[in-house]
Amino acid sequence: MAESYAPAAKVRPKAGFDDRLPLGAARGERLSLRARLRWAGFLFVLPALLHLLTFKFYPMIEAARLSFFRYDLLTPPVFNGLQNYKAVWENPLFHQSFWVSAKYMFGVSLPEWFLALGLALLLNRQMPGQSLIRLAYFLPIAMSQIVVAMVWKFMYNPLGLVNTLLGFVGVGRINWLSTEETALPALIAIGVWRGIPLFGVIYLAGLQSIPKEYYEAATIDGAGPWQRFVHVTIPLLLPTILFVMVMSLLSAVKVFLNPLVMTEGGPNGTTRVLPYFIYETGFAYYRMGEAAAASMVLFAFVFGLTLIQLRLLRQGGVE
Amino acid sequence: MSRKALPRWGGRLTTCLTIAGLGLVLLPYFWMLSSSLKTGSEVFDLPIKWLPEAAQWGNYPDALSRGKFPTYFFNSAVVAFAVMTGNLIFCSMAGYGLSKFRFPCREACFRLILSTMMLPLEIILVPTFLVARQFGLVNNYGGLIVPLAVDAFGIFLMRQYIKDLPDSLIEAARLDGCSEFGIFWRIILPNCKPALGALALLTFRDNWDQFLWPLIVASKDVLKTFPLGLAQMEGIDSAAYHEIMAAAVVGMIPTALVFLLFQRAFVRGIALSGLKE
């Protein structure tokens, strides 16, 4: 008997690894069960953790390190101190990109905040064919970005639908994507058009989580529709509103596909957003160090926004 | 206007607004469908033709024979399904581990995982490519799939859902002698179908649509995904809009189909989602 126990005792410290071990083997030894569960829990998390360490954290550290090196993919990296940051800072195209990104971000987000809320309020009302109307509004969320980019490029063509429709109200033909003044607004319009249904869904979920009793109580107290909106809807929706605000900014700062396939950052860099600047510096000019330095600036931006968002997530009762 | 008439007019106004908005949202898709069935010259005809004179179904085979579209679709499908499967398995495992077990540094692990939401590919593009290159994940399917196979958002979603499952389910299975992995596989997974559904749909959509990563990591034509193929087709012949629209319609079908079949889970997934675009 003693012999048959010996191997088991040897295995026990590793018992968590062997999850086929029946519970009966450890019965009566609560500590070992607890230790086993501790290992099991950790092992469930381990694959995902390792993956993220490899493909997220390690690259981030590499980006930070690389931003102090000169590297063109072919010859080994050479340490050059703060030269990359200096080069990026002195590059007028970087400054231009920074402002293009800032304009795009707020140009897309500000209208989204209000129009998406408007949409959610419209869809929250009882109306005939409600579920079908909601379905049609939310269908575009499923559409792929590249399809959207192609359709809009087609519609922005000088001979395309946008000019035709504007022609009905007396606006002359504009070459939207090749004119410096209109290229960025044209991309912003696509961003807004695409974002409204997405954020509308989130607002709608927020609206539906407000208990009906609050509105009934407010009505009994003599509040009109506007007062109910200001004193019931807005305060109770506040976590959702803040969340949508940050989320729309975050998704706008990452925009890349539309400037690439619709305008190639042009005309004259007026649509070269920061991610595009990074892509171009790294993979068109092979200045990996400078691209990494520009990434660090973008990261600082996203870092700030995400911290705010995580705080909101927690306050919003999700945590 | 009497007080009673006011709400009725308000109701009509909102109905009109709803329908006008719907027109704006859906018009580009209608225009895409209609144009995909026109002839090349009809596309820009004036005065505007809302519908083609005769539907040119031939545009579809013509469009798909430009470039290797069957290959691009196949690649997109492979990437979308593989990444989806990876996310479903690893995110639900991690979500289970983080919500139903106690181990040292559990909170730290969770924070660490959440913090990767701050590292979108756009920011760590250059070094992620370098890491993939180190692992030999360039110009092959592994490269298209492996770096995307786990996403912190999925872990967050699964953890939130599994946290609310009753502990008694797990304890009962444990007393019955079920292995830890068996509990996960036979008890946890079947009980979080709604969350799994939402996660599956979101990852399918995002990865069918994958553009930036394949652009960087796959330079071979046979490895291109549908978005790259479509952009390439437009770059080569940007005048053939009737055929570009036809290819776009075909590329839209999988995500649209998935949405229509599972729209409840889809909408709930979006509403639950934190950082997704």
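Reader: Among contacts in chain A between residues at least 6 apart in sequence, what percentage join residues at least 24 apart?

Author: The model is a predicted one. In chain A, the contacts considered here are those between residues at least 6 apart in sequence. The share of them that join residues at least 24 apart is 65%.

Reader: How many helices and how many strands are there in chain A?

Author: Chain A has 319 residues, of which 39% count as buried. Its secondary structure consists of 2 strands and, for the helices, a count of 13.

Reader: Is A:Phe256 buried or exposed?

Author: A:Phe256 sits in the loop between helix H10 (225–253) and helix H11 (257–263) of chain A. A residue counts as buried if 20 or more other C-beta atoms lie within 10 Å of its own. Because A:Phe256 has 21 other C-beta atoms within 10 Å, it is buried.

Reader: Which residues of chain B are in contact with A:Phe256?

Author: Neighbours within four places in sequence are left aside here. In chain A, the contacts of A:Phe256 are then A:Pro275, A:Tyr276 and A:Tyr279. From chain B come B:Glu122 and B:Leu212.

Reader: Which helix gives the largest share of the side of chain A that touches chain B?

Author: Between the two chains, 81 residues of chain A are in contact with 82 residues of chain B. By class, the chain A side has 63 nonpolar, 11 polar and 7 charged residues. The largest share of that side, 21 residues, comes from helix H2 (residues 30–66) of chain A.

Reader: Why is H8(A) described as roughly antiparallel to H10(A)?

Author: Helix H8 (residues 180–208) of chain A packs with H10(A), their axes 10 Å apart and at an angle of about 155°. Angles over 145 degrees count as roughly antiparallel. The angle is over that cut-off, so H8(A) and H10(A) are roughly antiparallel.

Reader: How many charged residues are in the contact of H8(A) with H10(A)?

Author: From H8(A), the residues that meet H10(A) include A:Gly191, A:Phe199 and A:Leu207. On the H10(A) side, A:Leu237 and A:Ala252 are among them. The contact divides into 7 nonpolar and 5 polar residues, and the number of charged ones is none.

Reader: What distance separates the centres of domain 1 and domain 2 of chain B?

Author: Chain B is divided into domain 1 (5–59) and domain 2 (66–272). Their contact takes 9 residues from domain 1 of chain B and 8 residues from domain 2 of chain B. Taken over C-alpha atoms, the centres of domain 1 and domain 2 of chain B are separated by 33 Å.

How values were computed: Residues are numbered from 1 along each chain as its sequence is written. Chains are lettered from A and ligands numbered from 1 in the order in which they are written. This is a predicted model: local features need pLDDT of at least 70, side-chain atom pairs count only at pLDDT 80 or more; totals for chains, interfaces and linings use all residues. Domain bounds come from an automatic or database domain assignment. Two residues are in contact if their C-beta atoms, placed from the backbone, lie within 7 Å. Helices (H or I, at least four residues) and strands (E, at least two) are DSSP runs, numbered from the N terminus. A residue is buried if 20 or more other C-beta atoms lie within 10 Å of its own, exposed if 12 or fewer, and partly exposed in between; C-beta atoms are placed from the backbone. Ala, Val, Leu, Ile, Met, Phe, Trp, Tyr, Cys and Pro count as nonpolar, Asp, Glu, Lys and Arg as charged, and the others, Gly among them, as polar. Axes are lines fitted to C-alpha atoms, for helices over the stretch in contact, and angles run from 0 to 180 degrees between N-to-C directions. Angles under 35 degrees count as roughly parallel, over 145 as roughly antiparallel, 65 to 115 as roughly perpendicular and the rest as oblique.
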